[in-house]
Amino acid sequence: MEIGEATQFLESLVGKTLRVAIPDGRLFTGTFRCTDGDSNMILSNAFEYRMPSQAAEEAAIQQAMATGQTARADMTSRFVGLIVVPGKQITKVEVEERRDGPGVSHGLSIRTR
């Protein structure tokens, strides 16, 4: 992809909701505002999601075994507002687009490194 095409592509993402993954397993979702020459990304109205702890996973497994029913270990989340995600830490970026009505999303996935 040439520089002009890459710039145009990034400009088309401004204002869209992105999901950004980092190596420690966290996932950030928020409105893409801008990036810089080091690939740092700024997201507004962002939420941080974390995978369940090992203890929570084990408790869900024990509950499922004891009851014979499905058990869940949910991700935890918190509102973080305006954040900078360091470009060196970004492992995956997904664009969330709503086209076919409320609640239907189509993702475009971009892997880095």
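## Before you start

Because the model is predicted, local features need pLDDT of at least 70 and side-chain atom pairs count only at pLDDT 80 or more, while totals for chains, interfaces and linings use all residues. Residues are numbered from 1 along each chain as its sequence is written, and side-chain values use heavy atoms, with hydrogens and water left out.

## The nonpolar core

Let's begin inside. In soluble globular proteins, nonpolar side chains tend to be buried together. Here the largest nonpolar core has 14 residues. A nonpolar core is a set of buried Ala, Val, Leu, Ile, Met, Phe, Trp, Tyr and Cys residues joined through side-chain atoms within 4.5 Å. Buried means under 20% relative accessible area, exposed over 50%, and partly exposed in between (1.4 Å probe, protein chains only). Leu18, Val20, Met41, Leu43 and Val85 have the most contacts inside this core.

Two or more core residues come from each of strand 1 (17-21), strand 2 (27-35), strand 3 (41-50), strand 4 (76-85) and strand 5 (92-98). Strand 3 gives the most, with 3 residues. Strands (E, at least two residues) are DSSP runs, numbered from the N terminus.

## Glu48, a buried charge

Is Glu48 buried or exposed? Glu48 sits in strand 3 and counts as buried, at 2% relative accessibility. Its side chain makes polar contacts with the side chains of Arg26 (2.8 Å) and Arg78 (2.5 Å). A polar contact is a pair of N or O atoms within 3.5 Å; within protein, one must be able to donate a hydrogen and the other to accept it, and residues adjacent in sequence count only if both atoms are side-chain atoms.

Leaving aside neighbours within four places in sequence, Glu48 is in contact (heavy atoms within 4.5 Å) with several residues, including Leu27, Phe28 and Val80.

## Salt bridges

How many salt bridges are there? The count comes to 8, where a salt bridge is a side-chain nitrogen of Lys or Arg within 4 Å of a carboxyl oxygen of Asp or Glu. One of them joins Arg19 and Glu96 (2.9 Å, N to O). Arg19 lies in strand 1 and Glu96 in strand 5, so this pair ties together parts that are 77 residues apart in sequence. Arg19 is buried, at 19%, whereas Glu96 is partly exposed, at 21%.

Arg26 meets Asp24 in another salt bridge (2.9 Å, N to O). Arg26 is partly exposed, with 21% relative accessibility. Salt bridges that share partners join Asp24, Arg26, Glu48, Arg50 and Arg78 into one network.

Conventions. Helices (H or I, at least four residues) and strands (E, at least two) are DSSP runs, numbered from the N terminus.
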